[in-house]
Amino acid sequence: MHGEYKVPGGKLVVVDLDVEEGVLRDVRVAGDFFLEPDEAILAIDRALEGAPSSTDAAGLAARITAALPGSTVMLGLSAEGVGIAVRRALAHATEWSDYDWQLVHMGPQAPALHMALDEVLTAEVAAGRRAPTLRVWEWASPAVVIGSFQSLRNEVDPGEAAKHGMTVVRRVSGGGAMFVEPMSTITYSLSVPEALVSGLSFADSYAYLDDWVLGALADMGIRAWYKPLNDIATDAGKIAGAAQKRMVGPDGGPGAVLHHVTMSYDVDADKLVRVLRIGKEKMSDKGTTSAKKRVDPLRRQTGLAREQVIDNMIASFRDRYGLTTGEVTTEELARAEELVQTKFATEEWTARVP
């Protein structure tokens, strides 16, 4: 069995192993990390040898930590990362390079249609009818997008939203509200087979699916990192938030994961705090007392036009994993438009948590 895991902000860990009578055998850990002293790598292999194959990542990490020499120094590596690589091997997880990725980058679309496209395209990936897809959104109008479980009245001031021509829609994933103005926001979705995140906890899957965009930002001179559970942050502040939805496959089989990210290219902070009802509890959780200080836009940090930032992100993804330009099929678009009418543009859905 073979498993790989890139430690967030670190290096690649590769594990090869067998399982005999319910325990790990012939374990070999490798990667492009840095580790001292040399014998520490053998200590890691020995710590994993004979471990029950049912041991979770935390339990495997504890075995490794207990076995390491006291002088061990790890750079780009962690005991937890090795544990996750083992679990991915046992789960027969796939890798990014196993797929032929497709790019969908349409013209501006209505907010409700974007919600529907996320659901439809991810369901198609789950059914095996669509290749794993990176979809870059273009917005036809300003919007507030609330999470699947948020209270509409607690999150949005309807008078202010209407005053500024902002449509309020609810997405299928959890998480917090997104404040969207077409030329000030960069949004993308990944619709991926569940096998890509096999062996990862929900929390670890956020970091794993965000890793490519951290590299893209680094190429543009921005040092960014994943901040649990679902933020992308820099020294200057938060620049993006992610959300996920898991979808089962046909007949309850392996499904797909929707992972989407909204990034602030620019932001009208005064308008944001009028439209969104951002409470003191949320501010204290983020370690700040002002909503205006929570988001630091990409425009200021890069000096690049929005379109150039998007082009750079797409190029970075293509360089890493390959990317073929595709499109939403006629059938997929028809299904999405139907969902707009029956779900995403309805009061019943938008106000399902009043």
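This is a predicted model: local features need pLDDT of at least 70, side-chain atom pairs count only at pLDDT 80 or more; totals for chains, interfaces and linings use all residues.
View 1. The buried residues are Ala79, Gly81, Val82, Gly83, Ile84, Ala85, Val86, Arg88, Ala89 and Leu90. The helix covers residues 79-90. From first C-alpha to last, H3 reaches 17 Å, close to the expected 16 Å at 1.5 Å a residue. His92 follows H3 and has a positive phi, near 55°.

**View 2. The largest cavity.** Two cavities of 30 Å³ or more are found in a search of the whole structure. The largest cavity holds about 50 Å³ of space. Its lining consists of Leu134, Val136, Ile186, Tyr188, Trp212, Ile310, Met313 and Ile314. By class, these are eight nonpolar residues, with no polar and no charged ones. At least two lining residues each come from strand E7 (133-137), strand E11 (185-193) and helix H11 (306-321). H11 gives the largest share, three residues.

**View 3. The second largest cavity.** About 30 Å³ of space lies in the second largest cavity. Leu117, Asp118, Leu121, Thr133, Arg135, Ser189, Leu190 and Ser191 form its lining. Helix H4 (111-126), E7 and E11 are the elements that contribute two or more residues to this lining. The lining of the second largest cavity divides into three nonpolar, three polar and two charged residues.

**View 4. Strands E7 and E11 beside both cavities.** E7 and E11 each supply at least two residues to the lining of the largest cavity. Both strands also give two or more residues to the lining of the second largest cavity.

Methods:
Residues are numbered from 1 along each chain as its sequence is written. Side-chain values use heavy atoms; hydrogens and water are left out. Helices (H or I, at least four residues) and strands (E, at least two) are DSSP runs, numbered from the N terminus. The expected span of a helix is 1.5 Å times one less than its number of residues. Buried means under 20% relative accessible area, exposed over 50%, partly exposed in between (1.4 Å probe, protein chains only). On a 1 Å grid over the protein atoms alone, a cavity is a set of points where a 1.4 Å probe fits but cannot get out, and a pocket is an open set with protein on both sides within 12 Å along at least five of seven lines; lining residues have an atom within 4 Å of a point. Grid points are joined across faces, edges and corners, and a volume is the space filled by probe spheres set on the points. Ala, Val, Leu, Ile, Met, Phe, Trp, Tyr, Cys and Pro count as nonpolar, Asp, Glu, Lys and Arg as charged, and the others, Gly among them, as polar.
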